[in-house]
Amino acid sequence: MPKHSPSQLDPRSPLVLDTRELPRRPGALRTHRQVVPAPADLGVELITVPEGADLDLDLRLESVSEGVLVSGTVTGPVKGECGRCLREIDDSVAVTIQELYAYENSTTDDTTDEDEVGRMQGDLIDLEPALRDAVVLALPTNPLCREDCPGLCPECGVHWDELPADHSHQQVDPRWAGLSQLTRTEE
């Protein structure tokens, strides 16, 4: 998936990581824990992470020969509506991120396509594209309020949970109404 980066990263942006304190020696490791506001449009049609909601980042930044490997988890709230009954969904999502960010002018530039590997800008890493890919791919396209949600009655639009067990919209042709009485008396 493409890793579109703006021409110049803002080091004050919450999803831009500064790696100056991480030695460029393979095996060097630094942990990074932070709560950041969720960017806009982080979701799919029926379920999304609300813009500005707190995302918990629990990351490891590890120097490798060609760059920095960022791995860890991102956790945050999701809101949406059930794909069957349209009830509101308030839940959370936890996703794993693992992305390699190549140093500028490394041999990775020659051996990979531009959109294959994330690229560092100086000592800065733009985490948003990897976070967006991981979160959006983890969200269900047809979320359910619960696993066994029965949905809505297609005729009247009322939740099946709220209807009696014998609920029906069956209309009997008046010409056959007499026959339906026969089956009821036999039961």
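Mentor: We'll talk about the cysteines and then one of the strands.

Mentor: Keep in mind that this is a predicted model.

Trainee: Okay! How many disulfides does the structure hold?
Mentor: The count is 0 disulfides. Take cysteine 145: its nearest cysteine sulfur belongs to cysteine 85 and is 3.7 Å away, and cysteine 145 is in no disulfide.

Trainee: Is cysteine 156 buried, partly exposed or exposed?
Mentor: Cysteine 156 counts as partly exposed because its relative accessibility is 34%. Cysteine 145 is also partly exposed, at 30%.

Trainee: New topic: which residues are on the covered face of strand 5?
Mentor: Strand 5 covers residues 54-64, and its covered face has Leu55, Leu57, Leu59, Leu61 and Ser63. The uncovered face includes Asp54, Asp56, Asp58 and Arg60.

Trainee: What about strand 2, how many bridges join it to strand 5?
Mentor: There are 9 bridges between strand 2, residues 29-37, and strand 5, and the two run antiparallel. Leucine 59 of strand 5 stands opposite histidine 32.

Trainee: And how does strand 5 run relative to strand 6, parallel or antiparallel?
Mentor: Antiparallel, with 9 bridges joining strand 5 to strand 6, residues 67-81. For serine 63, the bridge partner in strand 6 is valine 68.

How values were computed. Residues are numbered from 1 along each chain as its sequence is written. This is a predicted model: local features need pLDDT of at least 70, side-chain atom pairs count only at pLDDT 80 or more; totals for chains, interfaces and linings use all residues. Side-chain values use heavy atoms; hydrogens and water are left out. A disulfide is a pair of cysteine sulfur atoms within 2.5 Å. Buried means under 20% relative accessible area, exposed over 50%, partly exposed in between (1.4 Å probe, protein chains only). Helices (H or I, at least four residues) and strands (E, at least two) are DSSP runs, numbered from the N terminus. Two strands pair if DSSP finds at least two bridges between them.
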